[in-house]
Each structure stands twice: as C-alpha cells, then as structure tokens.
Amino acid sequence: MSELIISVSGLRGIVGETLTPDVACRYIASFAASIGPGPIVIGRDGRTTGPMLKAAIIAAINACGRDVIDADVAATPTIGILVREVSAAGGVQISASHNPPPYNGIKLFGSDGRVLDSDAGARIRQGYFAGTAGWCRYDAIGSTQTEADPHAPHLEKVLATVDVGEIRKREFRVLLDSNHGAGGLLGVRLLESLGCEVEAVGQQPTGIFEHVPEPTADNLTGIAARVAGSGCAIGFCQDPDADRLALIDENGRYIGEEATLALCVQRAMMVGRTNGPIVINGATSSMSGLVAQQFGVETLRSAVGEANVADKMIAHAAAYGGEGNGGPIDPTVGYVRDSFVGMAQVLDLLTRTGKPLSQLADELPQLAIYKDKAEINVSQLPAIFARLQSRFQDAQADTGDGLRLQWNDCWLLVRGSNTEPIVRMIAEAETAEQAKSLCDQAAAMINP
C-alpha cells in the first residue's frame, strides 16, 4: 500500500487505500478549525472520485458549522480567484494534479486566494495528526450553496491582461487538450472569447484521461500530430487541474512547459511589466531570467514550490513570476499558477509580434535541462552538500532549498525529496551533454 503524502499545501493519496473519506474529513476538519470566519469555497477537477470526495468534504465542513460555496468542476486557479471574489475564509480544491487515475488529493487556499504558505500548511498538518476538529452542535450545522458561474470572475481577470480586440482579428485556429480534466470548461470559453476557432480534445471533465495526464513530450505525441495535421497555429495542453500549460507549435513540435513561462515573461516585458523583478524557483530554466535581463529586469529565485514563489513575489513586489512546469503567475490575476493566463498571453504575444510560435520558441535562449535522482537516507544530505560545495568551489552556492550551485553559464540543484527517500539532481547548461555531466558528477559524490 502506498503512503499518504501530506505536504504543507495539501495531501495526495490513492483513493480507497490511503485516501479515504475518513482521512479527507479529518484533514478538512483541521483546516476549518485553523482559519477565520466565513464560507469555504470547494471545487474539483474531473477525476471520477471527485464527486465522492466532494460530498465527504462538504459534510465535514458543514459539520464544523461552516458554510460551503460549491463551484463543482473548476480549475485550481479558478478556485483561488473565487475565494477572493466571494470573500471566503479559504478554499479547497480536490485534485491530484498530473497523478494517475487511482490518485486524488486536496489542495488548500487561504482567504487571500493563494495556496497556503508553509507555516499555515504545517499547522493544518499538525492538527490532522493531533485530531483537531471543531465539530458543532446540531443547531449550528453549516449550509451549502452552488455557485452558478464560478468561471466568470477568472475569465474577466484573464481577458483584462491582453488586447482582446487585436487577438480577435487574427482568428487563430487552436487546439486545446484538456484531457478530460477541469480545464476545458473555462478553456474553450476563454479561447472563443478571443475569437479563436477551437478544436477541443477532452473538453468534458469525465476524468477518463485519453493519455497519461502529465503534459510532457512523451505523453503528447498523438496531440502533437493532431496539431500539425489540423492546421492549428498552436496547441495548448493542460494538466488535469489546469494550473500547468505545455505548448505545441504549428508544425507539431513540442515546445514544452519551460517555454510557456519564458514566452509569458517575454510578453510581460514587452507590455511594460518592468517595474519589479520576476520570480522563478530554483529548478526553473534560466530562459525566463535571460529574457527578463534583456529588458533590464532582475530575476529572483525562490525555493521550489508554488507557495514559495508566491511568497517571494509578494515580498519583492514582483511584476511577474512562475514555475518552469508550465505555470505562469500573473499578480494582476492571482498568485496561483494559471494555464489560462498562459494561453491568453501567448496568443497576445503571437499577435503583437506577428511571428509563429515556432519562430518565437527558436528565438528564446537555447538551454538544456537534465534531471536525475538517487536513493539516500535524508540524514546524509548535510554531508553530501558539504562534499559538493568542496568539489565545486568555483560556483556560487545557495543553501536555501537543498544546494544550488550557479556558474556563469550553467547551474546544478541538488535537493532532498519532500515525499520520497531520494535526492533529486537537476542541471541546466548550454548543451544536454554538459547538463548530464553535472548531474553525473553530483551522483558520483552522493554515492562515492
């Protein structure tokens, strides 16, 4: 039986094994006891187990004397925006992101509409294990109301970031692959609002995925061929909860998720978002930073994790940010990774430049990332980091999140996993061979 994964931002497990209605209720009871007064927004992605978990979670929230605003199927960033829109005390998104169908999970939001920070998440985790709950009397049970159109506020905020009229003139033909997750409902609506002719794949949120849900090159070969064969200007590929976006160009070439953020940063710089730094995490490609540098904008790096990026963006009044897994974060929309922001702003970039996606991608700084991992005992990490720093004394070292070594033209990140007894190695350089060499050297020192 797999273990239940509980992190600062939520939990994830296999339904019927580690993630049961009882687990969900106890976890949500801890959440309800830790936040201020007001209703709680709840949503889910398209997974087949979502309705069952939603029913259990609503019952738990009501049993704590809290009212529920039910958005039903909605993307993760949509829930964050809706929390702010209705002045809720917090939000719950039922999703296991890109995990396989047996999994589901719970992601939590604060009243500010962003994923909980590490301190708040740690308190809820501790409350779960301690059995903290605020079950109420029979005469104080909360109520539930259904939100008629949970997507409207999100749609309005995304459209406000782009030149809708100019995009509409282009009449783009696009393919949207939502893979039967949560993204199709708002995705088609957004793209049609931008005057696009949409070929929708997996629009209905049935949770019966047509391909492996993580939007990587290997999982999107069929979608890529379909983009090339249907005369589309671009293919947009979402993960099941629609906070990540991968791109496919008009020739059917997988552009990927790192390029999503870099292109969004380029567009942000072009429209004058230069009044603050950009923030990316320590594992994100330097492409975005190099793009920002061309406009004289500083790049700051946070620890890995959406909440950490958001924390640093807020602390430094960042103009833009995101993670290289296809998750742009536009602070004018919300501090949540957002595939809809990515779609609208990439179309805006195509419109402003008049260039096809293939050309824009080729004009980005060309860098290669390599990833590897090794099994370890986490107690070995300090000694491993010391050996690496001794070996690579010519690099600038940052120990804020594992060990990150930065050279002028490449970097290496070595960090322990939060969920497995492994160490992850990620390197980026001008060539794939150089990046692999950095990981290989690190691996040799981890297991000398």
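**Aromatic rings: exercises**

The charged end of arginine 301 sits over the ring of tryptophan 411, 5.5 Å from the ring centre (a charge sits over a ring if NZ of Lys or CZ of Arg is within 6 Å of the ring centre and within 35 degrees of the ring normal). This is a predicted model: local features need pLDDT of at least 70, side-chain atom pairs count only at pLDDT 80 or more, and totals for chains, interfaces and linings use all residues. Residues are numbered from 1 along each chain as its sequence is written, and side-chain values use heavy atoms, with hydrogens and water left out.

**Exercise 1.** Find how far arginine 404 lies from the ring centre of tryptophan 411.

*Solution.* Arginine 404 lies over the face of tryptophan 411. The distance to the ring centre is 4.6 Å.

**Exercise 2.** Classify the ring pair of tyrosine 128 and phenylalanine 129.

*Solution.* Step one: recall the rule. Rings of Phe, Tyr and Trp (its six-membered ring) pair if their centres lie within 6.5 Å; planes under 30 degrees apart count as stacked, over 60 as edge-to-face and the rest as tilted. Step two: apply the rule. The centres are 5.1 Å apart and the planes stand at 70°, so the pair is edge-to-face.

**Exercise 3.** Decide for tyrosine 128 and for phenylalanine 129: buried or exposed?

*Solution.* Buried means under 20% relative accessible area, exposed over 50%, partly exposed in between (1.4 Å probe, protein chains only). Tyrosine 128 has 7%, so tyrosine 128 is buried. Phenylalanine 129 has 55%, so phenylalanine 129 is exposed.
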